[in-house]
Amino acid sequence: MDKLLISGGRPLSGEVRISGAKNAALPILAATLLTQAPVVLENVPELRDIATMLKLLSQLGVRYRFGANTLEIEASKPESVLAPYELVRTMRASILVLGPLLARCGEAIVSLPGGCAIGARPVDLHLKGLKALGADIRVEAGYIHARAKRLKGCRLVLDQVTVTGTENLMMAAVLAQGKTVIENAAREPEVTDLAEFLVKLGAKISGIGSDVLEIEGVDGLDSGPVHHVILPDRIETGTYLTAAAITQGCIRTTHTRPELLDAVLDKLKEAGAAIIHGPDWIELSQTSRPRAVSFHTAPYPGFPTDMQAQLMALNCIAEGVGIITETIFENRFMHALELRRMGADITLEGHTAICRGVAKLEGAPVCASDLRASASLVLAALAAEGETVIDRIYHIDRGYERIEAKLAKLGATVQRIRE
Ligand code: UD1
């Protein structure tokens, strides 16, 4: 298993190009199952999760060519409706093929994702919504069996805001008979990017970007070749900006969308960073020790749970006390235990982490437990005195494209140890 070796203590400086958003690319890849038209996607990040989704899609009979962040993909005739356990267990987002397969083929057999390092993460709301759309759903021997000759539009009120749940139901509803209304829909920009892609395919969706999506079902989505550029990754953007803040550096992130990061930029400003931006870039400069920040995570446009771990790393070396409450996932503080091994002073009380900033962190061997936890360990290592070895970095390869090359370009001393 690869490790990252980081020698900390250098302020980051320079420019970093932001990749396409993993969480937009994954549902859009799944949505290509809805059409036999050829699709060209640009700005697709080269990541482990994307490779996993492509492996799954090719098992379903989808043909593709992928290189230089451009994906040519065509699902002219799905050959299978089975998403096997081996793939779903490595990536929960595999559940995103459920809605499109059911809508296009009338049937889907998808392994039930288990729990994961950050919590139980059930898919009950996906299944409840599909049932309401008229699907016959059975769960047998760890697999979801879904069937419907044709789904029927209806009004869905989601009990809880769910990102992939909203995406699955929207993808199922675009080919349903009649109108579907999804209330309490997730408003994450990645949901919007998917909706905009579906509209390019010929879907009829209104309320895009709001928490009420209205979908008028159509008979087919084969209006012709489609071209789409994946939205920039707001979490990758926020991670590099926090890396600059934690090292008291100055960097510019390019090819990004500042308006998608309001909640994160507000917290970084509160921490003392000077931030300026143009239409597609953000520059952050931190000239003194950061101040600790407090926040709770919330669905978009609130503070994203996917940036919680990185801001906790910042709080570790900040002046003062930061209180972070995680409201989305029940077990998303695994990084706190590893940060403590580097000298952080963090107390956990249920869903709340109280972090008293220390003057310095010290490099140590640590272990990544999930994607964003590994990002927080990288940030802590960049700020720490001495060397940190981060084990299990396959988690980071799931969601950060060429992280060591990008950090090295910003002046960090970072090396991948291959094993
Ligand atoms: C997506 C993102 C992930 C992000 C998360 C929250 C992708 C591929 N992943 O994950 O990076 O951290 O949104 O912004 O886009 N829930 C249920 N029942 C369900 C579905 C969800 O109880 O059927 C709960 C979850 O356990 C969680 C909350 O709802 O507590 C939100 O989860 P959800 O938005 O569904 O997360 P994901 O879509 O899995």
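Residues are numbered from 1 along each chain as its sequence is written, and side-chain values use heavy atoms, with hydrogens and water left out. Because the model is predicted, local features need pLDDT of at least 70 and side-chain atom pairs count only at pLDDT 80 or more, whereas totals for chains, interfaces and linings use all residues.

**Two open sheets**

Helices (H or I, at least four residues) and strands (E, at least two) are DSSP runs numbered from the N terminus, and two strands are taken to pair if DSSP finds at least two bridges between them.

Strand β20 pairs with β21 (residues 352-356) in the antiparallel sense over five bridges, and T347 is found opposite I354 in β21.

In helix α5 (residues 124-132), the buried residues (under 20% relative accessible area, with exposed over 50% and partly exposed in between, for a 1.4 Å probe and protein chains only) are L125, H126, L127, G129 and L130. These buried residues pack against α4 (98-105), β8 (136-140), β9 (143-147), β10 (155-157) and α6 (163-173). Just after α5, G134 takes a positive phi of about 100°.

The loop between β9 and β10 holds K149, which counts as exposed because its relative accessibility is 91%. K149 and E107 are 42 residues apart in sequence, and their C-alpha atoms are 8.1 Å apart in space.

**Cavity and pocket**

On a 1 Å grid over the protein atoms alone, a cavity is a set of points where a 1.4 Å probe fits but cannot get out, a pocket is an open set with protein on both sides within 12 Å along at least five of seven lines, and lining residues have an atom within 4 Å of a point. Grid points are joined across faces, edges and corners, and a volume is the space filled by probe spheres set on the points. In the classes below, Ala, Val, Leu, Ile, Met, Phe, Trp, Tyr, Cys and Pro count as nonpolar, Asp, Glu, Lys and Arg as charged, and the others, Gly among them, as polar.

| Space | Volume | Lining by class |
|---|---|---|
| Largest cavity | About 40 Å³ | two nonpolar, one polar, five charged residues |
| Second largest pocket | About 270 Å³ | eight nonpolar, three polar, four charged residues |

The structure holds one cavity of 30 Å³ or more. The largest cavity is lined by A21, K22, N23, E190, D233, R234, I235 and R372, and the elements that give two or more residues to this lining are α1 (22-31) and α8 (234-246). The second largest pocket is lined by 15 residues, of which I246, Q248, A359, K360 and A383 are the closest to its centre.

Note on methods. Contact means heavy atoms within 4.5 Å.
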